[in-house]
Amino acid sequence: MLKNSPEPEDLLPLTPAVFHILLALAEAERHGYAIMDHVTQTTDGQISMGAGTLYGTIKRLLHSKLIEESDERPDPEMDDERRRYYRLTDFGRRVMTAEAQRYARLVKMARASGLLARLQNP
Amino acid sequence: MKDSSDITVRRASWIYERLLWIYPRSHRREYGPVMVQLFRDQCRAASRSGSRWALPALMLRTIPDLARSAFRENLTEQFTHMKTMSVQKLSLLLFVAGIGAALWSCSVGRSQPGIAVGLAYFSGLALLVRAFAEWKRPESELIRSLIWGATGAVIYAIIMPVWAKLKLPVIAPLIVIPMFLNALVPLFKSALRLMRPRL
């Protein structure tokens, strides 16, 4: 059962959409379009989410306090005031670290079983 | 003079904005403007790409995303609503749904036996869920709970012979067990209350 204040491990594994949104926000504060653009570019277009999926996920991430809205504008002169910027919370960063460590363990296991080496050198 | 691509972007955004009505109102109010803005940005990027198929391709990608996410948001909204709904309200809703489905199955039993059987099982399922809801009902309402349970049993005692007369292939225990559970839950809770040592 989930406690009132969950531990990062309670939220794992993250869905690909959540993982990539948090990854985009781990580097910098971004608005919706910048997050979407970052996800498309870093995944070579393999993950491409629409506005519906993006804002639905953002809503859940805000609710679980993994991200928060930012009042700051990187460049207020150049930017549209209506844009909403998001940033990772400390808890969100801990969750991402835990997820990255989980992936690292999986990669280690795959390497130990020879699976990764086979994939790299077909 | 306005560029033709700018007009296309405006039109596409206008259509997208209209399509947002499929989301729950609260979600639309909170995220509608930023979703439209994001879609407009995507349209601009597509029209800047130079490909004549970029914008139609974007629309084709957007519509399934819209349908999927709207379905999810509506479902979440319903579940949230159910969570905040009082046990009494939920119980009444399930009672009405269960009895309503059973009565409806009687009325369509002759013309559409398949639908009638489906409705009968839905009725049993609604009563089964209601039995769980009854378990959560406050102890101060045990008498009311017993009355509702007994009323349900009486109504089913009238409906079940009708199903038999219509020769509907309804597996009786699947309906009878949830029906009895509805009446048994408050009885069991009453017994527990009586057995509890008094201070």
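**Predicted architecture of the A–B complex**

Chain B averages a pLDDT of 85, and 96% of its residues score at least 70. The model is predicted. Helix H2 of chain B, residues 25–48, has the highest mean pLDDT, at 92. H7(B) has the lowest, at 82. For the complex, the predictor gives an ipTM of 0.83 and a pTM of 0.64.

Chain A contains five helices and three strands. From the N terminus on, its elements follow the order α-β-α-α-β-β-α-α. The chain has 122 residues, and 27% of them are buried. Among contacts in chain A with a separation of 6 or more, 56% come from residues 24 or more positions apart.

The strand pairing in chain A involves S3(A), residues 85–88. Strand S1 of chain A, residues 30–31, runs antiparallel to S3(A) and is joined to it by two bridges. Here A:Arg30 has A:Tyr86 as its bridge partner. Strand S2 of chain A, residues 67–70, also pairs with S3(A). This pairing is antiparallel too, with four bridges. A:Ile67 has A:Leu88 of S3(A) as its bridge partner.

The contact between the chains takes 13 residues from chain A and 17 residues from chain B. On the side of chain A that touches chain B, helix H2 (32–42) and helix H3 (51–63) of chain A each supply at least two residues. H3(A) gives the most, with six residues. By residue class, this side of chain A divides into five nonpolar, five polar and three charged residues.

H5(B) has 23 residues. From its first C-alpha to its last, H5(B) reaches 34 Å, close to the 33 Å expected at 1.5 Å a residue. The buried residues of H5(B) include B:Ala116, B:Leu119, B:Ala120, B:Ser123, B:Gly124 and B:Leu127. B:Arg130 and B:Glu134 are also buried in H5(B). The cover over the buried residues of H5(B) includes H4, H6 and H7 of chain B. An α-helix has 3.6 residues a turn, so residues three or four places apart point the same way.

H6(B) spans residues 142–165 and has 24 residues. Its end-to-end C-alpha distance is 35 Å, close to the 34 Å expected at 1.5 Å a residue. Its buried residues are B:Ser145, B:Trp148, B:Gly149, B:Gly152, B:Tyr156 and B:Trp163. What covers them includes H4 (87–108), H5 (113–135) and H7 (172–195) of chain B. H5(B) is therefore among the elements that cover H6(B), and H6(B) is among those that cover H5(B). After H6(B) comes B:Lys167, with a positive phi near 60°.

B:Ser26 lies in helix H2 of chain B. Is B:Ser26 buried or exposed? B:Ser26 counts as exposed because it has 12 C-beta neighbours inside 10 Å, and the exposed class takes residues with 12 or fewer. B:Ser26 and B:Glu73 are 47 residues apart in sequence. In space, their C-alpha atoms are 10.0 Å apart.

Notes. Residues numbered from 1 in each chain as written. Chains lettered and ligands numbered in written order. Predicted model: local features only at pLDDT ≥ 70, side-chain atom pairs only at ≥ 80, totals over all residues. Expected span 1.5 Å × (residues − 1). Buried ≥ 20, exposed ≤ 12 C-beta atoms within 10 Å, placed from the backbone. Contact = placed C-beta atoms within 7 Å. pLDDT = per-residue confidence, 0-100. Pairing = 2+ DSSP bridges. Nonpolar A, V, L, I, M, F, W, Y, C, P; charged D, E, K, R; others polar.
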